[in-house]
Amino acid sequence: MAETIFDVVVVGGGPAGYTCAIRAAQYGLKVALVDANERLGGTCLLWGCIPTKALLFSSELWDQIHHADRYGIEGVGDAAKLNWKAVLARKDDVITRHTKGLDFLMKKNKITTFKGFGTLTGAAKDGVHTVDVKGTDGKAQVIKAKKVVLATGSNARMLPGYAADETILTNYEILKIDAVPKSLVVIGSGAVGIEFASIFKSFGAEVTILEMLPRIVPVEDEEISKELLRLMKKRGFDINLSIKDTKIEKNKDGALVSYTDQNGKPQTKQAEKVLVAVGRAPRTEGLGLEKTKITTERGFIMTNEWQETVEPGIYAIGDIVGGLPQLAHVGSMAGLIVAAKLAGKYARPINRTRIPGCTYCEPQIASVGLSEAKAKEQGYTVKVGKFPFVGNSKATILDAHDGFIKVVADAKFGEILGVHIIGPAATEIIAEAVTAIELEATVEEMMFTIHAHPTVAEALLDAYSSVEGKAVNV
Ligand SMILES: Cc1cc2nc3c(=O)[nH]c(=O)nc-3n(C[C@H](O)[C@H](O)[C@H](O)COP(=O)(O)OP(=O)(O)OC[C@H]3O[C@@H](n4cnc5c(N)ncnc54)[C@H](O)[C@@H]3O)c2cc1C
């Protein structure tokens, strides 16, 4: 039988890789997908976006149930019991349903899947690349393809000199702990740290957050960081900023975390568990990059705007790529772009300023575009509007008045440059702001865009209007 030569082999079956594979197949290309894990879905589905949101949903329900009498439902608050094993089982069930869904989509789109670890063998020979696969069953296989897409994702970073175990956890271990810890120290206050902090606080843990920068969620607009800090402190989090020299010493009750506080004073905190959430490193070990011309910066693969590496015929997408935020929707969009390019179809590159970022804590935060400081840095004269959720009737119905929407606009032409939300349904309503920014909408255009009532989304209408000092509901 003639050897199969695929049009494209995708190495890595996370959101970047599987999205690319499916779209390429939809365009009629012959596609192979290799993944080192027994189940498809990558970090996002197995240990990231999906499991955390499943746990967050349970934790939000738990919070709501405890306040049920506020809504006229009596007799459930104090009677509620937490079955942590069932919470984890429900989270696992959500994952399983979607991994099965991915298996179905592979079959539906006639994608040939390989379970194993893929390694590049070098440049293409006569226009054909060879990827070696060490199967999860130990068998070696060889895949030939005209193009290669690398989508091998990322691993949690650990503090230097430590290894993850049953006390010092990353996002991987914490999803399997057998009970809610009485106390948890979270090192790092990016989205991952803040989300786990929020989950375990709701379930009753005493949570301490240690952040080396002067603010939490440091990639967000400063006012958002400030408001989240205020609201999290109100919820009872112990938050310590500008800390340094963090050390973890395990003991019989968990671990003693020592650090230097912002005043230069040594401090300690004892906790049952410690979550290290200090960022994610690109997963390129063993990938065979050294056999190619592919360039890296701090381990991240460098590409042009079409996700092409400098090695002809090899593309990279998702968390392994430098210069883009490590988010599932960024990886999957990069996958769609590469698939379109390979098929000779219309595509346009990712625009860095049109990427939404969400943190699913309580209250949620979501943003797109430029922060006020970044817009000024880029030379814009800005006009800013702010609308508090206290003026939104749906927020009152939801009993969720905390937070606001901040709109950053160009003073000269009125173009919306950034939208920053902290408050109810922030991660859902940000979609409208993404569309507005994508279509280069002006404040005026959005002020005359009809928003359904009563919705949380109509707070956006007031927020756009507030740029012109014309919010109706404040
Ligand atoms: C706790 C947590 C919560 C998160 N929440 C969100 C969120 O809410 N929203 C969001 O947008 N992002 C979130 N993220 C980030 C998101 O998970 C990542 O951006 C996303 O998974 C990256 O996708 P990817 O396809 O590049 O890589 P991955 O999802 O890491 O997938 C890479 C795949 O490649 C496979 N692989 C690796 N090396 C090889 C090899 N050599 N051969 C074959 N296969 C290989 C791996 O087995 C894996 O399946 C979260 C991350 C974490 C840790």
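**Entry 1: Ser-225**

Before anything else, I noted that this is a predicted model. I began with Ser-225 and asked which residues it touches beyond those up to four places away in sequence. I found Arg-215, Ile-216, Val-217 and Glu-220. Ser-225 itself sits in helix α7, which runs over residues 222-234. Is Ser-225 buried or exposed? I wrote it down as buried, because its relative accessibility is 2%, under the 20% cut-off.

The side chain of Ser-225 makes a polar contact with the side chain of Arg-215 at 2.7 Å. The Ser-225 side chain also reaches the backbone oxygen of Ile-216, at 2.8 Å.

**Entry 2: Arg-90**

Next I went to helix α4 (residues 84-108), where Arg-90 has its place. I logged Arg-90 as partly exposed, because its relative accessibility is 38%, and that class lies between 20% and 50%. What does Arg-90 contact once its neighbours within four places in sequence are left aside? My list reads Ala-54 and Phe-57. I checked the spacing to Ala-54 too: the two residues are 36 apart in sequence, and their C-alpha atoms are 7.7 Å apart in space.

**Entry 3: Ile-320**

I then moved to the loop between β18 and α8, where I found Ile-320. Ile-320 counts as buried because its relative accessibility is 0%. Its contacts, leaving aside neighbours within four places in sequence, include Leu-150, Ala-151, Thr-152 and Gly-153. Pro-282, Arg-283 and Thr-284 are also in contact with Ile-320, as are Phe-300 and Ile-301. I also took the distance from Ile-320 to Arg-97: they are 223 residues apart in sequence and 27 Å apart from C-alpha to C-alpha.

**Entry 4: helix α8**

Which residues of α8 are buried? I noted Val-330, Gly-331, Ser-332, Ala-334, Gly-335, Ile-337, Val-338, Ala-339, Ala-340 and Leu-342. The cover over these buried residues includes β1 (5-11), α1 (15-26), β5 (140-150) and β18 (314-316). After α8 comes Gly-344, with a positive phi near 70°.

**Entry 5: the ligand**

For Thr-43, a side-chain N or O atom is 2.7 Å from one. For Ala-16, a backbone N or O atom lies 3.0 Å from one. For Gln-326, a backbone N or O atom lies 3.3 Å from one. How much of the ligand's accessible area does the protein cover? I noted 95% of the 1000 Å² that the ligand has on its own.

Key
Residues are numbered from 1 along each chain as its sequence is written. This is a predicted model: local features need pLDDT of at least 70, side-chain atom pairs count only at pLDDT 80 or more; totals for chains, interfaces and linings use all residues. Side-chain values use heavy atoms; hydrogens and water are left out. Buried means under 20% relative accessible area, exposed over 50%, partly exposed in between (1.4 Å probe, protein chains only). Helices (H or I, at least four residues) and strands (E, at least two) are DSSP runs, numbered from the N terminus. Contact means heavy atoms within 4.5 Å. A polar contact is a pair of N or O atoms within 3.5 Å; within protein, one must be able to donate a hydrogen and the other to accept it, and residues adjacent in sequence count only if both atoms are side-chain atoms. Accessible areas come from the Shrake-Rupley method with a 1.4 Å probe; for residues, only the protein chains shown count as cover.
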